[in-house]
Amino acid sequence: MRKRPHYLAGFGSVVWLFVVGLPLYVMLVATFQSRADYAANGPLGLPGNLTLDNYVNDLDNGFAQYFLNTVVVTVAVVAIVLVLVPPLAYAIVRGDGKATGRVFRLFLLGLAIPSQAVIVPMFYLINEAGLYDNLLGVILPTAAFAMPVCTLILSGVMRDITPELYEAMTVDGASPRRIFRDLVLPLSKSGLSTIVVFSSLQAWNGFLFPLVLTQSSENKVITMGLYDFQTEHGVDIPGLLAAVVLSMLPILLVYLFARRALVQGLMGVGGK
Amino acid sequence: MTTATAPAVDSVEKPGTRRRPSRTGTGVGRPGFAWAAPAALFFGLFAIVPLALVLVLSFTRWNGLGSPEFAGLENWSKLLDDPVMVKSLWLSLLLTVLGVLVQTPLSILLGVWAAGHQRNRAVLSAIYFVPLLLSITAVSVLWRAVLDPNFGVPSQATWLFGDGNLFGVQAGALGVLVFVSTWQFTPLHTLLYQGAARAIPQVLYQAAQIDGAGRYRQFFHITLPQLRNTVITSTILMVVGGLTTFDTVLILTQGGPGTDTTNSAYYMYQKAFKSFDFGAASAIALLLVLVATLVSLVMVRLSGYDKMRSTMEGV
(Lines give C-alpha, C1' and ligand atoms only; values in the text may rest on other atoms or scores of the structure.)
Protein backbone atom coordinates (compact mmCIF):
# COMPACT_ATOMS: atom_id res chain seq x y z
CA MET A 1 0.00 0.00 0.00
CA ARG A 2 1.52 3.30 -1.09
CA LYS A 3 1.10 6.12 1.41
CA ARG A 4 1.55 9.83 0.89
CA PRO A 5 4.83 11.05 2.37
CA HIS A 6 4.77 12.24 5.96
CA TYR A 7 6.40 15.68 5.86
CA LEU A 8 6.60 16.22 9.63
CA ALA A 9 8.32 12.86 10.05
CA GLY A 10 10.61 13.68 7.17
CA PHE A 11 11.61 16.92 8.87
CA GLY A 12 12.17 15.16 12.19
CA SER A 13 14.30 12.52 10.53
CA VAL A 14 16.56 15.18 9.05
CA VAL A 15 16.92 16.86 12.45
CA TRP A 16 17.95 13.55 14.01
CA LEU A 17 20.35 12.90 11.14
CA PHE A 18 21.96 16.20 12.03
CA VAL A 19 22.24 15.27 15.72
CA VAL A 20 23.77 11.89 14.88
CA GLY A 21 26.01 13.18 12.14
CA LEU A 22 27.35 16.42 13.61
CA PRO A 23 29.85 14.91 16.09
CA LEU A 24 30.91 12.31 13.53
CA TYR A 25 31.57 15.08 11.04
CA VAL A 26 33.49 17.15 13.60
CA MET A 27 35.51 14.06 14.47
CA LEU A 28 36.46 13.11 10.93
CA VAL A 29 37.34 16.64 9.87
CA ALA A 30 39.41 17.28 13.01
CA THR A 31 41.54 14.17 12.61
CA PHE A 32 42.91 15.29 9.23
CA GLN A 33 44.08 18.69 10.50
CA SER A 34 47.08 19.77 12.53
CA ARG A 35 46.39 21.07 16.04
CA ALA A 36 47.08 24.63 14.99
CA ASP A 37 44.76 24.40 11.99
CA TYR A 38 42.02 22.85 14.10
CA ALA A 39 42.28 25.63 16.67
CA ALA A 40 42.16 28.23 13.91
CA ASN A 41 39.36 26.71 11.85
CA GLY A 42 37.23 25.62 14.82
CA PRO A 43 35.34 22.33 15.02
CA LEU A 44 32.73 23.36 12.47
CA GLY A 45 35.06 25.05 10.01
CA LEU A 46 36.15 23.59 6.72
CA PRO A 47 39.61 22.03 6.77
CA GLY A 48 42.46 23.58 4.82
CA ASN A 49 45.62 21.50 4.74
CA LEU A 50 44.87 17.83 5.15
CA THR A 51 47.34 15.63 6.99
CA LEU A 52 47.58 12.06 8.26
CA ASP A 53 50.01 13.02 11.04
CA ASN A 54 47.48 12.50 13.82
CA TYR A 55 46.98 8.87 12.87
CA VAL A 56 50.68 8.25 12.39
CA ASN A 57 51.51 9.83 15.75
CA ASP A 58 48.85 7.84 17.56
CA LEU A 59 50.09 4.57 16.11
CA ASP A 60 53.66 5.49 17.06
CA ASN A 61 52.64 6.46 20.57
CA GLY A 62 51.30 3.11 21.68
CA PHE A 63 48.04 2.70 19.82
CA ALA A 64 49.49 0.00 17.57
CA GLN A 65 50.23 -2.00 20.74
CA TYR A 66 46.81 -1.25 22.28
CA PHE A 67 45.17 -2.30 19.04
CA LEU A 68 47.03 -5.60 19.07
CA ASN A 69 46.16 -6.19 22.75
CA THR A 70 42.50 -5.57 22.00
CA VAL A 71 42.66 -8.07 19.14
CA VAL A 72 44.17 -10.65 21.50
CA VAL A 73 41.48 -10.04 24.14
CA THR A 74 38.70 -10.17 21.55
CA VAL A 75 39.88 -13.37 19.90
CA ALA A 76 40.36 -15.08 23.27
CA VAL A 77 36.94 -14.03 24.56
CA VAL A 78 35.24 -15.24 21.39
CA ALA A 79 37.15 -18.54 21.59
CA ILE A 80 36.09 -19.14 25.21
CA VAL A 81 32.48 -18.30 24.41
CA LEU A 82 32.48 -20.56 21.35
CA VAL A 83 33.93 -23.50 23.27
CA LEU A 84 31.69 -23.21 26.34
CA VAL A 85 28.34 -21.85 25.21
CA PRO A 86 27.22 -24.22 22.40
CA PRO A 87 27.43 -27.40 24.54
CA LEU A 88 25.72 -25.53 27.35
CA ALA A 89 22.91 -24.32 25.12
CA TYR A 90 22.53 -27.84 23.72
CA ALA A 91 22.28 -29.27 27.23
CA ILE A 92 19.73 -26.63 28.19
CA VAL A 93 17.55 -27.35 25.18
CA ARG A 94 17.87 -31.12 25.02
CA GLY A 95 19.05 -32.22 28.46
CA ASP A 96 16.44 -33.78 30.66
CA GLY A 97 17.94 -33.44 34.11
CA LYS A 98 16.77 -30.97 36.72
CA ALA A 99 20.38 -29.85 36.96
CA THR A 100 20.44 -28.30 33.48
CA GLY A 101 17.31 -26.35 34.32
CA ARG A 102 19.05 -24.96 37.38
CA VAL A 103 22.09 -24.01 35.33
CA PHE A 104 19.86 -22.15 32.90
CA ARG A 105 18.26 -20.19 35.74
CA LEU A 106 21.75 -19.36 37.01
CA PHE A 107 22.58 -17.84 33.64
CA LEU A 108 19.30 -15.92 33.59
CA LEU A 109 20.30 -14.49 36.94
CA GLY A 110 23.57 -13.51 35.30
CA LEU A 111 21.63 -11.28 32.89
CA ALA A 112 20.69 -9.10 35.83
CA ILE A 113 24.21 -8.66 37.24
CA PRO A 114 25.77 -5.42 36.03
CA SER A 115 29.55 -5.70 35.75
CA GLN A 116 29.89 -2.58 37.93
CA ALA A 117 28.49 -4.61 40.81
CA VAL A 118 31.34 -7.08 40.83
CA ILE A 119 34.45 -5.02 40.07
CA VAL A 120 35.61 -4.91 43.69
CA PRO A 121 35.49 -8.69 44.25
CA MET A 122 36.81 -9.20 40.73
CA PHE A 123 39.77 -6.99 41.59
CA TYR A 124 40.29 -9.09 44.72
CA LEU A 125 40.01 -12.43 42.92
CA ILE A 126 42.21 -11.47 39.99
CA ASN A 127 44.83 -10.15 42.41
CA GLU A 128 44.71 -13.36 44.42
CA ALA A 129 45.09 -15.36 41.23
CA GLY A 130 48.15 -13.33 40.31
CA LEU A 131 46.51 -12.11 37.11
CA TYR A 132 46.51 -8.38 37.85
CA ASP A 133 47.83 -6.34 34.93
CA ASN A 134 47.68 -9.38 32.68
CA LEU A 135 45.48 -9.64 29.59
CA LEU A 136 44.21 -13.02 30.82
CA GLY A 137 42.79 -11.22 33.84
CA VAL A 138 40.69 -9.10 31.48
CA ILE A 139 39.76 -11.98 29.18
CA LEU A 140 38.28 -14.29 31.82
CA PRO A 141 35.70 -11.93 33.38
CA THR A 142 34.83 -10.39 30.01
CA ALA A 143 34.05 -13.86 28.63
CA ALA A 144 32.02 -14.77 31.71
CA PHE A 145 29.91 -11.64 31.44
CA ALA A 146 29.26 -12.20 27.74
CA MET A 147 27.99 -15.72 28.40
CA PRO A 148 24.43 -15.14 29.69
CA VAL A 149 23.28 -13.22 26.62
CA CYS A 150 25.05 -15.67 24.30
CA THR A 151 23.41 -18.61 26.07
CA LEU A 152 20.01 -16.99 25.76
CA ILE A 153 20.49 -16.28 22.04
CA LEU A 154 21.89 -19.69 21.17
CA SER A 155 19.44 -21.77 23.17
CA GLY A 156 16.67 -19.80 21.48
CA VAL A 157 18.01 -20.80 18.07
CA MET A 158 18.53 -24.44 19.08
CA ARG A 159 15.00 -24.62 20.44
CA ASP A 160 13.75 -23.88 16.93
CA ILE A 161 15.22 -27.12 15.57
CA THR A 162 12.23 -29.42 15.17
CA PRO A 163 12.02 -32.38 17.57
CA GLU A 164 11.45 -34.72 14.64
CA LEU A 165 15.02 -34.17 13.47
CA TYR A 166 16.40 -35.11 16.88
CA GLU A 167 14.17 -38.14 17.03
CA ALA A 168 15.16 -39.29 13.58
CA MET A 169 18.79 -39.25 14.60
CA THR A 170 18.06 -40.88 17.93
CA VAL A 171 16.25 -43.73 16.22
CA ASP A 172 19.39 -44.24 14.16
CA GLY A 173 21.23 -44.68 17.44
CA ALA A 174 23.18 -41.44 17.32
CA SER A 175 25.02 -40.38 20.46
CA PRO A 176 24.57 -36.86 21.87
CA ARG A 177 28.01 -36.05 20.54
CA ARG A 178 27.04 -37.02 17.01
CA ILE A 179 23.71 -35.23 17.18
CA PHE A 180 25.51 -32.12 18.40
CA ARG A 181 28.09 -32.26 15.63
CA ASP A 182 25.93 -33.32 12.69
CA LEU A 183 22.59 -31.72 13.52
CA VAL A 184 22.72 -29.00 16.15
CA LEU A 185 25.83 -27.10 15.11
CA PRO A 186 25.04 -26.95 11.37
CA LEU A 187 21.50 -25.78 12.09
CA SER A 188 22.54 -23.08 14.57
CA LYS A 189 24.86 -21.20 12.26
CA SER A 190 22.87 -17.98 12.49
CA GLY A 191 22.93 -18.12 16.28
CA LEU A 192 26.62 -18.89 16.31
CA SER A 193 27.43 -15.88 14.17
CA THR A 194 25.26 -13.70 16.40
CA ILE A 195 27.11 -14.76 19.55
CA VAL A 196 30.47 -14.25 17.83
CA VAL A 197 29.44 -10.70 16.97
CA PHE A 198 28.00 -10.01 20.40
CA SER A 199 30.96 -11.34 22.35
CA SER A 200 33.53 -9.64 20.13
CA LEU A 201 31.71 -6.32 20.55
CA GLN A 202 31.68 -6.79 24.31
CA ALA A 203 35.40 -7.54 24.27
CA TRP A 204 36.37 -4.82 21.80
CA ASN A 205 34.36 -2.11 23.53
CA GLY A 206 34.96 -3.30 27.11
CA PHE A 207 36.20 -0.63 29.48
CA LEU A 208 35.45 -1.38 33.12
CA PHE A 209 37.43 -4.61 33.53
CA PRO A 210 40.54 -3.25 31.76
CA LEU A 211 40.21 -0.05 33.81
CA VAL A 212 40.43 -1.78 37.18
CA LEU A 213 42.41 -4.89 36.24
CA THR A 214 45.29 -3.54 34.14
CA GLN A 215 47.84 -0.83 34.64
CA SER A 216 50.96 -0.92 32.47
CA SER A 217 50.99 0.36 28.93
CA GLU A 218 52.02 -2.99 27.41
CA ASN A 219 48.74 -4.44 28.70
CA LYS A 220 46.49 -1.58 27.71
CA VAL A 221 43.50 -2.19 25.47
CA ILE A 222 42.28 0.46 23.09
CA THR A 223 39.48 1.87 25.24
CA MET A 224 42.00 2.38 28.04
CA GLY A 225 44.32 4.01 25.53
CA LEU A 226 41.56 6.50 24.71
CA TYR A 227 40.81 7.21 28.34
CA ASP A 228 44.47 7.78 29.24
CA PHE A 229 45.02 9.91 26.15
CA GLN A 230 42.11 12.08 27.20
CA THR A 231 43.24 12.49 30.81
CA GLU A 232 46.87 13.13 29.84
CA HIS A 233 46.72 15.08 26.56
CA GLY A 234 43.07 16.16 26.45
CA VAL A 235 43.95 19.40 24.67
CA ASP A 236 45.30 17.58 21.60
CA ILE A 237 41.83 17.15 20.19
CA PRO A 238 42.80 16.09 16.63
CA GLY A 239 45.16 13.41 18.01
CA LEU A 240 42.54 12.24 20.50
CA LEU A 241 39.83 12.01 17.87
CA ALA A 242 42.15 10.16 15.49
CA ALA A 243 42.55 7.58 18.26
CA VAL A 244 38.76 7.39 18.58
CA VAL A 245 38.52 6.72 14.84
CA LEU A 246 41.20 4.01 15.07
CA SER A 247 39.29 2.36 17.91
CA MET A 248 36.05 2.18 15.91
CA LEU A 249 37.52 1.31 12.52
CA PRO A 250 37.22 -2.50 12.70
CA ILE A 251 33.61 -2.34 13.86
CA LEU A 252 32.66 0.13 11.15
CA LEU A 253 34.24 -2.19 8.55
CA VAL A 254 32.23 -5.14 9.84
CA TYR A 255 29.13 -2.93 9.81
CA LEU A 256 29.68 -2.14 6.13
CA PHE A 257 30.14 -5.76 5.11
CA ALA A 258 28.09 -7.81 7.55
CA ARG A 259 25.35 -5.54 8.73
CA ARG A 260 22.71 -8.15 9.42
CA ALA A 261 24.87 -10.24 11.75
CA LEU A 262 26.09 -7.13 13.51
CA VAL A 263 22.61 -5.76 14.10
CA GLN A 264 21.48 -9.07 15.53
CA GLY A 265 24.55 -9.18 17.76
CA LEU A 266 23.74 -5.69 18.97
CA MET A 267 20.17 -6.62 19.78
CA GLY A 268 21.87 -8.93 22.26
CA VAL A 269 23.45 -5.88 23.86
CA GLY A 270 19.94 -5.02 24.97
CA GLY A 271 20.00 -8.00 27.26
CA LYS A 272 22.88 -6.47 29.13
CA MET B 1 24.05 -46.00 26.93
CA THR B 2 21.31 -48.54 26.31
CA THR B 3 20.37 -47.15 22.99
CA ALA B 4 19.31 -50.49 21.58
CA THR B 5 16.67 -51.27 24.20
CA ALA B 6 15.40 -47.84 25.12
CA PRO B 7 12.32 -46.68 23.28
CA ALA B 8 12.47 -43.44 21.37
CA VAL B 9 8.79 -42.67 21.48
CA ASP B 10 7.10 -40.20 23.79
CA SER B 11 4.36 -42.39 25.08
CA VAL B 12 6.56 -45.20 26.34
CA GLU B 13 8.14 -44.56 29.71
CA LYS B 14 11.07 -46.31 31.27
CA PRO B 15 9.81 -48.05 34.40
CA GLY B 16 10.72 -46.40 37.65
CA THR B 17 11.55 -43.00 36.24
CA ARG B 18 9.10 -40.22 36.78
CA ARG B 19 9.20 -37.83 33.91
CA ARG B 20 7.10 -34.87 33.05
CA PRO B 21 5.67 -35.12 29.58
CA SER B 22 7.96 -33.52 27.09
CA ARG B 23 7.21 -32.48 23.56
CA THR B 24 10.70 -33.35 22.45
CA GLY B 25 10.88 -37.02 23.36
CA THR B 26 12.55 -38.92 26.15
CA GLY B 27 16.04 -39.45 27.45
CA VAL B 28 17.73 -41.37 24.68
CA GLY B 29 20.61 -39.66 23.01
CA ARG B 30 20.19 -36.67 25.24
CA PRO B 31 23.13 -34.66 26.55
CA GLY B 32 23.86 -35.15 30.22
CA PHE B 33 24.90 -32.58 32.77
CA ALA B 34 28.52 -32.95 31.66
CA TRP B 35 27.68 -30.84 28.60
CA ALA B 36 26.68 -27.91 30.77
CA ALA B 37 29.29 -28.35 33.47
CA PRO B 38 32.31 -26.51 31.98
CA ALA B 39 30.28 -23.41 31.18
CA ALA B 40 28.51 -23.52 34.54
CA LEU B 41 31.81 -23.84 36.36
CA PHE B 42 33.41 -21.00 34.43
CA PHE B 43 30.44 -18.70 34.86
CA GLY B 44 30.08 -19.60 38.50
CA LEU B 45 33.72 -18.79 39.18
CA PHE B 46 33.82 -15.46 37.36
CA ALA B 47 30.31 -14.13 37.90
CA ILE B 48 28.45 -15.85 40.72
CA VAL B 49 31.38 -16.13 43.14
CA PRO B 50 32.16 -12.39 42.78
CA LEU B 51 28.53 -11.57 43.38
CA ALA B 52 28.56 -13.61 46.58
CA LEU B 53 31.89 -12.09 47.53
CA VAL B 54 30.55 -8.55 47.18
CA LEU B 55 28.10 -9.36 49.97
CA VAL B 56 30.91 -10.67 52.16
CA LEU B 57 33.22 -7.76 51.39
CA SER B 58 30.51 -5.26 52.27
CA PHE B 59 30.93 -6.39 55.89
CA THR B 60 34.71 -6.00 55.87
CA ARG B 61 37.39 -3.36 56.06
CA TRP B 62 39.92 -3.67 53.22
CA ASN B 63 42.26 -1.15 51.62
CA GLY B 64 43.41 -3.33 48.74
CA LEU B 65 46.53 -4.57 50.53
CA GLY B 66 46.63 -7.52 52.92
CA SER B 67 43.42 -9.34 53.75
CA PRO B 68 39.95 -7.98 54.36
CA GLU B 69 39.01 -7.76 58.07
CA PHE B 70 35.53 -8.32 59.38
CA ALA B 71 33.92 -5.00 60.29
CA GLY B 72 30.30 -5.86 60.96
CA LEU B 73 27.81 -3.25 59.86
CA GLU B 74 30.33 -0.42 59.91
CA ASN B 75 30.29 0.22 56.13
CA TRP B 76 26.54 0.22 56.01
CA SER B 77 26.01 2.56 58.93
CA LYS B 78 28.67 4.96 57.61
CA LEU B 79 27.04 4.98 54.17
CA LEU B 80 23.64 5.86 55.54
CA ASP B 81 25.17 8.88 57.30
CA ASP B 82 27.19 9.91 54.26
CA PRO B 83 25.56 12.93 52.58
CA VAL B 84 27.45 12.28 49.32
CA MET B 85 26.08 8.73 49.25
CA VAL B 86 22.49 9.88 49.73
CA LYS B 87 22.98 12.60 47.12
CA SER B 88 24.52 10.06 44.71
CA LEU B 89 21.44 7.85 44.99
CA TRP B 90 19.18 10.78 44.14
CA LEU B 91 21.43 11.69 41.21
CA SER B 92 21.34 8.10 39.92
CA LEU B 93 17.57 8.18 40.13
CA LEU B 94 17.39 11.60 38.45
CA LEU B 95 19.69 10.54 35.60
CA THR B 96 17.63 7.38 35.12
CA VAL B 97 14.28 9.15 35.10
CA LEU B 98 15.51 11.88 32.75
CA GLY B 99 17.00 9.21 30.48
CA VAL B 100 13.73 7.31 30.29
CA LEU B 101 11.68 10.49 29.71
CA VAL B 102 13.92 11.67 26.87
CA GLN B 103 14.71 8.36 25.21
CA THR B 104 11.32 6.68 25.27
CA PRO B 105 9.30 9.15 23.13
CA LEU B 106 12.26 9.67 20.83
CA SER B 107 12.87 5.99 20.21
CA ILE B 108 9.15 5.24 19.79
CA LEU B 109 8.88 7.92 17.11
CA LEU B 110 12.08 6.82 15.39
CA GLY B 111 11.19 3.14 15.69
CA VAL B 112 7.71 3.54 14.23
CA TRP B 113 9.15 5.74 11.50
CA ALA B 114 11.90 3.23 10.73
CA ALA B 115 9.35 0.42 10.61
CA GLY B 116 8.13 1.80 7.29
CA HIS B 117 9.70 0.04 4.34
CA GLN B 118 10.51 3.17 2.32
CA ARG B 119 13.98 3.26 0.83
CA ASN B 120 15.05 6.58 2.41
CA ARG B 121 14.02 5.30 5.83
CA ALA B 122 16.19 2.22 5.46
CA VAL B 123 19.20 4.31 4.48
CA LEU B 124 18.77 6.85 7.28
CA SER B 125 18.17 4.08 9.83
CA ALA B 126 21.49 2.54 8.87
CA ILE B 127 23.18 5.87 9.66
CA TYR B 128 21.22 6.42 12.88
CA PHE B 129 22.59 3.11 14.02
CA VAL B 130 26.26 4.09 14.03
CA PRO B 131 26.43 5.48 17.62
CA LEU B 132 25.50 2.07 19.01
CA LEU B 133 28.53 0.51 17.34
CA LEU B 134 30.97 2.64 19.26
CA SER B 135 32.26 1.92 22.72
CA ILE B 136 30.87 4.05 25.53
CA THR B 137 34.46 5.19 26.02
CA ALA B 138 34.82 6.36 22.42
CA VAL B 139 31.44 8.11 22.52
CA SER B 140 32.22 9.90 25.77
CA VAL B 141 35.69 10.95 24.61
CA LEU B 142 34.21 12.15 21.33
CA TRP B 143 31.52 14.27 22.98
CA ARG B 144 33.94 15.62 25.55
CA ALA B 145 36.05 16.89 22.65
CA VAL B 146 33.07 18.20 20.67
CA LEU B 147 31.75 20.04 23.73
CA ASP B 148 35.15 21.24 24.91
CA PRO B 149 34.70 24.74 26.40
CA ASN B 150 37.76 26.13 24.57
CA PHE B 151 38.11 24.16 21.35
CA GLY B 152 34.65 22.66 20.91
CA VAL B 153 31.36 23.58 19.28
CA PRO B 154 30.11 25.68 22.26
CA SER B 155 32.97 28.13 21.75
CA GLN B 156 31.68 28.70 18.22
CA ALA B 157 28.00 28.78 19.11
CA THR B 158 27.82 31.09 22.09
CA TRP B 159 24.32 32.18 21.07
CA LEU B 160 23.23 28.67 22.04
CA PHE B 161 25.59 27.73 24.86
CA GLY B 162 26.24 31.01 26.70
CA ASP B 163 29.78 31.10 28.09
CA GLY B 164 30.31 27.68 26.57
CA ASN B 165 31.33 25.75 29.68
CA LEU B 166 28.58 23.15 29.97
CA PHE B 167 30.62 21.19 32.49
CA GLY B 168 30.85 24.04 34.97
CA VAL B 169 27.27 23.96 36.25
CA GLN B 170 25.20 21.05 37.54
CA ALA B 171 22.34 21.46 35.09
CA GLY B 172 24.75 21.62 32.16
CA ALA B 173 26.76 18.61 33.28
CA LEU B 174 23.64 16.53 33.95
CA GLY B 175 22.24 17.61 30.61
CA VAL B 176 25.40 16.45 28.84
CA LEU B 177 25.25 13.05 30.57
CA VAL B 178 21.60 12.51 29.63
CA PHE B 179 22.21 13.74 26.10
CA VAL B 180 25.26 11.57 25.46
CA SER B 181 23.50 8.43 26.76
CA THR B 182 20.53 9.30 24.58
CA TRP B 183 22.77 9.79 21.56
CA GLN B 184 24.37 6.42 22.07
CA PHE B 185 21.47 4.22 23.18
CA THR B 186 18.50 5.57 21.25
CA PRO B 187 19.40 3.28 18.30
CA LEU B 188 19.07 0.20 20.51
CA HIS B 189 15.58 1.16 21.68
CA THR B 190 14.65 2.33 18.20
CA LEU B 191 15.53 -1.15 16.99
CA LEU B 192 13.27 -2.73 19.62
CA TYR B 193 10.37 -0.46 18.67
CA GLN B 194 10.99 -0.95 14.97
CA GLY B 195 10.72 -4.72 15.38
CA ALA B 196 7.59 -4.40 17.51
CA ALA B 197 5.95 -1.92 15.14
CA ARG B 198 6.53 -4.22 12.21
CA ALA B 199 4.87 -7.04 14.12
CA ILE B 200 1.60 -5.12 14.52
CA PRO B 201 -1.01 -6.87 12.36
CA GLN B 202 -1.85 -4.80 9.29
CA VAL B 203 -5.53 -5.77 9.71
CA LEU B 204 -5.79 -3.30 12.55
CA TYR B 205 -4.72 -0.41 10.35
CA GLN B 206 -6.94 -1.54 7.49
CA ALA B 207 -9.92 -1.68 9.82
CA ALA B 208 -9.08 1.77 11.19
CA GLN B 209 -8.84 3.17 7.69
CA ILE B 210 -12.24 1.78 6.80
CA ASP B 211 -13.53 3.52 9.91
CA GLY B 212 -11.97 6.74 8.64
CA ALA B 213 -9.28 7.11 11.29
CA GLY B 214 -6.41 9.35 10.21
CA ARG B 215 -2.70 8.91 10.67
CA TYR B 216 -2.52 10.41 14.15
CA ARG B 217 -5.56 8.57 15.49
CA GLN B 218 -4.07 5.35 14.16
CA PHE B 219 -0.82 6.13 15.96
CA PHE B 220 -2.47 6.82 19.31
CA HIS B 221 -5.17 4.17 19.17
CA ILE B 222 -3.37 1.29 17.47
CA THR B 223 0.38 1.70 17.37
CA LEU B 224 0.99 2.95 20.91
CA PRO B 225 -1.25 0.40 22.69
CA GLN B 226 0.27 -2.38 20.60
CA LEU B 227 3.77 -1.34 21.67
CA ARG B 228 2.91 -1.71 25.38
CA ASN B 229 5.09 -4.75 26.03
CA THR B 230 8.02 -3.23 24.21
CA VAL B 231 7.73 -0.06 26.27
CA ILE B 232 8.18 -2.18 29.38
CA THR B 233 11.14 -4.16 28.04
CA SER B 234 12.82 -1.03 26.77
CA THR B 235 12.18 0.90 29.99
CA ILE B 236 13.63 -1.87 32.14
CA LEU B 237 16.77 -1.82 30.01
CA MET B 238 16.95 1.97 30.37
CA VAL B 239 16.45 1.80 34.13
CA VAL B 240 19.14 -0.81 34.71
CA GLY B 241 21.49 0.97 32.29
CA GLY B 242 20.71 4.36 33.81
CA LEU B 243 21.27 3.28 37.41
CA THR B 244 24.64 1.77 36.55
CA THR B 245 25.86 4.64 34.33
CA PHE B 246 29.55 4.89 35.03
CA ASP B 247 31.84 5.26 32.01
CA THR B 248 30.12 8.42 30.79
CA VAL B 249 30.39 10.06 34.20
CA LEU B 250 34.05 9.11 34.59
CA ILE B 251 35.04 10.47 31.21
CA LEU B 252 32.69 13.43 30.76
CA THR B 253 32.32 15.03 34.18
CA GLN B 254 34.42 13.09 36.75
CA GLY B 255 31.39 13.48 38.98
CA GLY B 256 31.70 17.25 38.97
CA PRO B 257 31.30 20.12 39.32
CA GLY B 258 32.02 19.20 42.95
CA THR B 259 29.92 16.11 43.58
CA ASP B 260 27.05 17.42 41.49
CA THR B 261 27.09 14.52 39.02
CA THR B 262 28.58 11.89 41.32
CA ASN B 263 26.06 9.10 40.90
CA SER B 264 26.24 5.91 42.95
CA ALA B 265 28.15 3.86 40.39
CA TYR B 266 30.81 6.54 40.08
CA TYR B 267 30.90 7.03 43.85
CA MET B 268 31.49 3.31 44.26
CA TYR B 269 34.44 3.50 41.84
CA GLN B 270 35.85 6.47 43.74
CA LYS B 271 35.47 4.73 47.10
CA ALA B 272 37.24 1.65 45.79
CA PHE B 273 39.96 2.88 43.49
CA LYS B 274 40.57 6.44 44.71
CA SER B 275 39.97 6.17 48.49
CA PHE B 276 40.83 2.45 48.64
CA ASP B 277 37.83 1.80 50.86
CA PHE B 278 36.81 -1.47 49.25
CA GLY B 279 34.35 -2.41 51.99
CA ALA B 280 32.26 0.70 51.50
CA ALA B 281 32.48 0.29 47.72
CA SER B 282 31.12 -3.25 48.01
CA ALA B 283 28.20 -2.02 50.08
CA ILE B 284 27.36 0.58 47.41
CA ALA B 285 27.66 -2.06 44.67
CA LEU B 286 25.26 -4.33 46.52
CA LEU B 287 22.84 -1.47 47.08
CA LEU B 288 22.89 -0.72 43.34
CA VAL B 289 22.14 -4.33 42.41
CA LEU B 290 19.30 -4.43 44.92
CA VAL B 291 17.75 -1.18 43.71
CA ALA B 292 18.06 -2.15 40.03
CA THR B 293 16.54 -5.60 40.61
CA LEU B 294 13.77 -4.18 42.78
CA VAL B 295 12.83 -1.52 40.23
CA SER B 296 12.75 -4.11 37.44
CA LEU B 297 10.61 -6.47 39.50
CA VAL B 298 8.20 -3.71 40.51
CA MET B 299 7.84 -2.62 36.90
CA VAL B 300 7.22 -6.16 35.71
CA ARG B 301 4.62 -6.67 38.45
CA LEU B 302 2.86 -3.31 38.07
CA SER B 303 2.62 -3.59 34.33
CA GLY B 304 1.24 -7.11 34.34
CA TYR B 305 4.07 -8.04 32.02
CA ASP B 306 4.67 -11.26 33.95
CA LYS B 307 1.23 -12.43 32.93
CA MET B 308 2.20 -11.54 29.37
CA ARG B 309 -1.10 -9.90 28.60
CA SER B 310 -1.32 -10.41 24.91
CA THR B 311 -1.54 -7.49 22.55
CA MET B 312 -3.23 -9.88 20.17
CA GLU B 313 -6.52 -9.74 22.08
CA GLY B 314 -9.40 -9.14 19.73
CA VAL B 315 -7.41 -9.68 16.57
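**Terms and the values behind them**

Reply: From its N terminus on, chain A runs α-α-α-α-α-α-α-α-α-α-α-α-α. The model is predicted, with local features requiring pLDDT of at least 70 and side-chain atom pairs pLDDT 80 or more, while totals for chains, interfaces and linings use all residues. Residues are numbered from 1 along each chain as its sequence is written, and chains are lettered from A and ligands numbered from 1 in the order in which they are written.

Me: How many helices and strands does chain A have, and what makes a run count as one or the other?
Reply: A helix is a DSSP run of H or I with at least four residues, a strand a run of E with at least two, numbered from the N terminus. By this rule chain A has 13 helices and zero strands.

Me: What share of chain A is called buried, and by which criterion?
Reply: A residue is buried if 20 or more other C-beta atoms, placed from the backbone, lie within 10 Å of its own. Of the 272 residues of chain A, 49% count as buried.

Me: What makes a set of residues a nonpolar core, and which members touch the most others in the largest one?
Reply: The term denotes buried Ala, Val, Leu, Ile, Met, Phe, Trp, Tyr and Cys residues joined through C-beta atoms within 7 Å. The largest such core has 156 residues, of which Val81(A), Met147(A) and Val244(A) touch the most other members.

Me: Why is this core said to lie between domain 1 and domain 2 of chain A?
Reply: Both domain 1 (1-51) and domain 2 (53-269) of chain A contribute residues to the core, so it lies between them. The domain bounds come from an automatic or database domain assignment.

Me: Which residues are in contact with Val81(A), leaving aside its neighbours within four places in sequence?
Reply: Contact requires C-beta atoms, placed from the backbone, within 7 Å. Val81(A) is in contact with Ala143(A), Ala146(A), Met147(A), Cys150(A), Ile195(A) and Ser199(A), apart from those sequence neighbours.

Me: How many residues of chain A are in contact with chain B?
Reply: There are 80, and they meet 75 residues of chain B. Helix H1 (residues 7-31) gives the largest share of this side of chain A, eleven residues.

Me: What does UniProt place at residues 7-28 of chain A?
Reply: The unreviewed UniProt entry places a "transmembrane region" there; such annotations may be inferred rather than shown by experiment. The span is 100% helix, with its end C-alpha atoms 31 Å apart.

Technical notes: A residue is buried if 20 or more other C-beta atoms lie within 10 Å of its own, exposed if 12 or fewer, and partly exposed in between; C-beta atoms are placed from the backbone. Two residues are in contact if their C-beta atoms, placed from the backbone, lie within 7 Å.
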